Amino acid sequence: PLPSSLETMGDDIADEAYDFRVTCPAWAPGIGFMGCMAAVILANAGGAYGTAKAGQGIMAMGVRSPELLMKNIIPVVMAGVLGIYGLIVAVILNGKFTKPITGSFGSGEPTYSQYNAFAHLAAGLCCGLCSLASGIAIGISADAGTRAIGAQGFMSASWKKMGFTGDSGGQRSSNEDGLFVGTVLIQVFAGNLGLYGLITALILSQTDYTCVSN
């Protein structure tokens, strides 16, 4: 039989190895990479939907009021920015990954903890889902808003051709930008949703716990 001191030392080493593998399992990097994937895919899905939906409204408006086409391109730009949010978060998270090392318990010991893994997954989902919701909001509001602006401009032009000016017949002048400003404000607040997710993801990405075996 081994001396009690050696048995105690062996038990301590076994406990340390068990704690190490529980804290830093081999599957932890996979969870972290899923956070990167979620940030990029969901953010770009929101940007794609927002761009497509806004483009439908802009093209429909351009048929009747082509002079307003470039003026109402703002929602397309705002939707495209959402994809950049996901890219930023994915690049930052990628820099947080640590490679396995050769340590006390053998070769290829992971140093990337499950604490970091779930924090990075939460960061990616937070940015991705917020950007997805933002893209949907931007697309729907831009579609309705640009169609309304186009209809307003077309009706104002029609009334002017008939000899009416100003607010005759309840029609606003095409020079008044009240409807355009309101539409832009709606899109700005819809775009802020993605920015909130980006800020939260950046905060979550700063959490760190690295496994080091003794």
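**Salt bridges and cores, talked through**

Colleague: Asp-143 and Arg-147 are said to meet in a salt bridge. What makes this pair a salt bridge?

Modeller: In this predicted model, the N to O distance between the side chains of Asp-143 and Arg-147 is 2.7 Å. The cut-off is within 4 Å, between a side-chain nitrogen of Lys or Arg and a carboxyl oxygen of Asp or Glu. So the pair, at 2.7 Å, counts as a salt bridge.

Colleague: And where do Asp-143 and Arg-147 lie?

Modeller: Both are in helix α4, four residues apart, which is about one turn of the helix.

Colleague: Why is Asp-143 with Lys-53 called a salt bridge?

Modeller: Their N to O distance is 3.8 Å. The limit is within 4 Å, so this pair is a salt bridge too. Asp-143 sits in helix α4 (residues 114–161) and Lys-53 in helix α2 (residues 28–64), so to speak distant parts of the chain, 90 residues apart.

Colleague: How many salt bridges does that rule give?

Modeller: Two. They share partners, joining Lys-53, Asp-143 and Arg-147 into one network.

Colleague: Why can such side chains pair at all?

Modeller: Side chains of opposite charge can do so when their charged atoms come close.

Colleague: Is Asp-143 buried or exposed, and how do you know?

Modeller: Asp-143 has 10% relative accessibility. Buried means under 20%, so Asp-143 counts as buried.

Colleague: Why are Lys-53 and Arg-147 put in another class?

Modeller: Lys-53 comes out at 23% and Arg-147 at 40%.

Colleague: On to helix α5: what is its reach set against?

Modeller: Helix α5 (residues 178–204) has 27 residues and reaches 40 Å from first C-alpha to last. At 1.5 Å a residue you'd expect 39 Å, and the reach is close to that. Buried residues in α5 include Phe-180, Gln-187, Ala-190 and Gly-191.

Colleague: Which residues touch the most other members of the largest nonpolar core?

Modeller: Val-89 and Ile-138, out of 21 residues. The elements giving two or more residues to this core are α2, α3 (74–94), α4 and α5, and α3 gives the most, with seven.

Colleague: What does Ile-138 touch?

Modeller: Leaving out residues up to four places away in sequence, its contacts include Pro-75, Met-78, Leu-82 and Ala-190. Another core, of six residues, lies apart from the largest one, and Ile-58, Met-61, Leu-68 and Phe-180 are among its members.

Conventions:
Residues numbered from 1 in each chain as written. Predicted model: local features only at pLDDT ≥ 70, side-chain atom pairs only at ≥ 80, totals over all residues. Heavy atoms only, no water. Buried < 20%, exposed > 50% of the residue type's maximum accessible area, 1.4 Å probe, protein only. Expected span 1.5 Å × (residues − 1). Core = buried A, V, L, I, M, F, W, Y, C linked by side-chain atoms within 4.5 Å. Contact = heavy atoms within 4.5 Å.
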